[in-house]
Every structure is written in structure tokens, then in C-alpha cells.
Amino acid sequence: RYPWFIWPALGWGIGVFSHYMAVFGRRLMRERYFEPAVEREVRREKAVMTTEKQASIDELSATIAHEIRNPIAAAKSLVQQMGEDPVSVENVEYAKVALDELDRVERSISHLLKYAKEEDYNFSLVNIAGVVDAALTQLKAKLDAARVQVTRNYIGGPTVLADAEKMRQVFANILDNAIDALEPLPEGRRIELFVENGGRRASVRVRDNGRGIAADRIDRIFNPFFTTKEKGTGLGMAISKKIVEAHEGVIDVVSEAGVFTEFQVTLPLPPS
């Protein structure tokens with residue numbers, strides 16, 4: 001009773017409508033709903049990143065001002081005292097202290113420039129154990145003078161793609177901090193080193209039995225200008241972290257005050 005072409009025509013019409021919606025409807029949905037949503041999320045993320053970056057810059061600026069202003073103010077005060085009484089016998093001591101304060105400013109600025117500078121890296125295949133041994137050799141005199149027993153819990157080590165000189169600086173800085181942390185111990189000063197690999201990662205652990213790091217300070221250990229040393233610049237660990245991250249690695253620290261501190265540097269193994 002019905003023309004035979006109605007059902008094919010209806011099916012054809014549904015197909016054309018579906019195709020239209022697939023081509024133009026999807027574009028309409030994307031332009032009207034999805035793209036604005038993505039754009040809003042990108043703007044939000046940029047705003048958050050800008051705010052965090054500005055907060056970091058503000059904090060760093062305040063810290064730099066503090067680190068530089070204090071020794072300059074101390075040196076200025078000493079020079080003023082010398083000017084008030086040019087023939088005082090204490091002027092020699094005042095001059096010595098003033099020079100020490102200015103040297104501190106110079107060291108801080110030098111380390112800051114090194115931290116801010118974009119370093120050039122010379123990557124090559126190196127044995128990570130050899131890099132650690134080079135750092136030990138660099139600090140041998142200080143280790144002997146401090147009567148520190150070093151235990152190397154490795155024979156060889158994995159090969160990594162790294163700048164050997166930059167990584168030597170990292171391990172030397174960690175070892176130098178470990179030696180200073182052992183100073184309060186009258187005897188039994190120990191540093192243990194471990195070189196391991198697994199899961200396509202190589203790791204170096206440096207553990208000392210020194211004074212440790214307080215829980216409220218450990219989260220700040222890699223912050224620029226944070227230091228517990230009287231004459232430290234507080235940029236050593238910040239520079240070390242920057243170097244390790246340039247190698248696509250991670251540097252971590254765990255510590256228990258009065259018991260131990262352990263730094264771990266983890267680097268990716270090169271593709272086989």
C-alpha cells in the first residue's frame with residue numbers, strides 16, 4: 001500500500017543527517033563548548049603559575065636583600081667607628097672584620113650569578129662510580145683532617161649520560177656538607193656511599209651519622225640562600241638540585257635530627 005522507496009529514502013535522510021551532525025555538529029560543539037573550556041583552564045593554569053613564580057621571585061629578592069644588606073651594614077658601621085677614632089689600636093681588628101663581611105657579600109653574589117646562569121652541559125657516557133670517586137679525591141684532605149671514615153659500598157657502577165664535571169660538583173657539595181655535619185661528633189665520624197641501579201635508574205646515596213636536619217628545615221634545604229652554616233651562602237644545594245634536574249634526575253634527602261642524614265641522587269640510565 002505504500003510506495004517502496006519511502007524506507008530507503010528515510011534511511012538515506014537519516015544517514016545524511018547523521019553525517020551532517022558528525023561533521024558540522026562536532027565542530028559546533030567543539031567551538032562553542034570544549035574550546036572555551038580548555039582556554040579557560042589554560043588561562044587559569046597560567047595565572048596560577050604566574051602567581052607562584054612571582055611569589056618565588058619576591059621571596060628570593062627578600063632573601064638576597066637580607067643576605068647582602070646585613071654584612072654591608074656591619075662593614076659600614078665598622079668603617080664609621082674607624083673614622084671616629086683613626087688612631088685607635090682596634091682599627092686593625094675592625095678592618096679585618098669589615099673585609100670578612102665584604103668577602104661574604106662577594107661570595108654570595110658569585111654563587112648567585114652561578115645559580116642564575118644558564119650552564120652549558122657536555123653530556124657523555126660516564127661511569128657514575130668514577131664520578132663519585134673523583135669527588136672523594138677532591139675532598140680527601142678535608143676528610144682526613146676531620147678524621148672521617150668513608151665506606152664505599154660499591155665496586156663499580158652503572159654508566160649514565162651526564163656531564164661528569166657538573167655531577168662531580170654535586171657529589172662534592174653533598175660530601176662537603178656531610179663533613180661539616182659530622183663536626184660536633186668527638187669520634188666515630190662516618191660517611192657511607194652506595195651506588196645502585198634498577199628500574200632503568202641509577203642512584204647514589206651519601207649517608208652520614210652527623211647531627212641531622214630538623215624536621216622543620218628539611219623542606220627548605222634546596223631553597224636558595226637557606227643554610228645552617230655560619231659562613232655558608234646557602235646556594236650549594238640549590239645549584240646541585242638545578243644540575244641534577246638538568247640531567248632529568250632527582251635529588252632527595254631524608255634525615256633524623258641527631259642520628260643521620262642521607263642524600264640520594266637518582267639519574268636515568270641511557271637507552272640500551
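**Entry: the model.** I am working from a predicted model.

**Entry: the sheet.** I began with the strand order and read S2-S4-S5-S7-S6, an open sheet of 5 strands with mixed pairing. Which strands lie at the edges? I found S2 (149-153) and S6 (250-256), each pairing on one side only. From one strand to the next, the twist averages 15°.

**Entry: S2 and S4.** I looked up how S2 meets S4 (residues 190-198): the two run in the parallel sense, with 5 bridges between them. For one of the residue pairs, I checked Thr151 and found Glu192 in S4 as its bridge partner.

**Entry: the buried side of H3.** I went through residues 128-138 of H3 and noted Ile128, Ala129, Val131, Val132, Ala135 and Leu136 as buried. Why do they sit on the same side of H3? They cover an arc of only 160° around the axis, which puts them there together. A handy reminder to myself: an α-helix has 3.6 residues a turn, so residues three or four places apart point the same way.

**Entry: the start of H3.** Here I found a side-chain oxygen of Asn127 within 2.9 Å of the backbone nitrogen of Ala129.

**Entry: H6.** In H6 (residues 236-246), I listed Met237, Ala238, Ile239, Ser240, Ile243 and Val244 as buried. Just after H6, I noted that Glu248 has a positive phi of about 60°.

Key
Residues numbered from 1 in each chain as written. Predicted model: local features only at pLDDT ≥ 70, side-chain atom pairs only at ≥ 80, totals over all residues. Heavy atoms only, no water. Buried < 20%, exposed > 50% of the residue type's maximum accessible area, 1.4 Å probe, protein only. Helix = DSSP H or I, 4+ residues; strand = E, 2+ residues; numbered from the N terminus. Arc of directions from axis to C-beta. Polar contact = N/O pair within 3.5 Å; in protein donor to acceptor, adjacent residues only side chain to side chain. Pairing = 2+ DSSP bridges. Axes fitted to C-alpha atoms, helices over the stretch in contact; angles between N-to-C directions.
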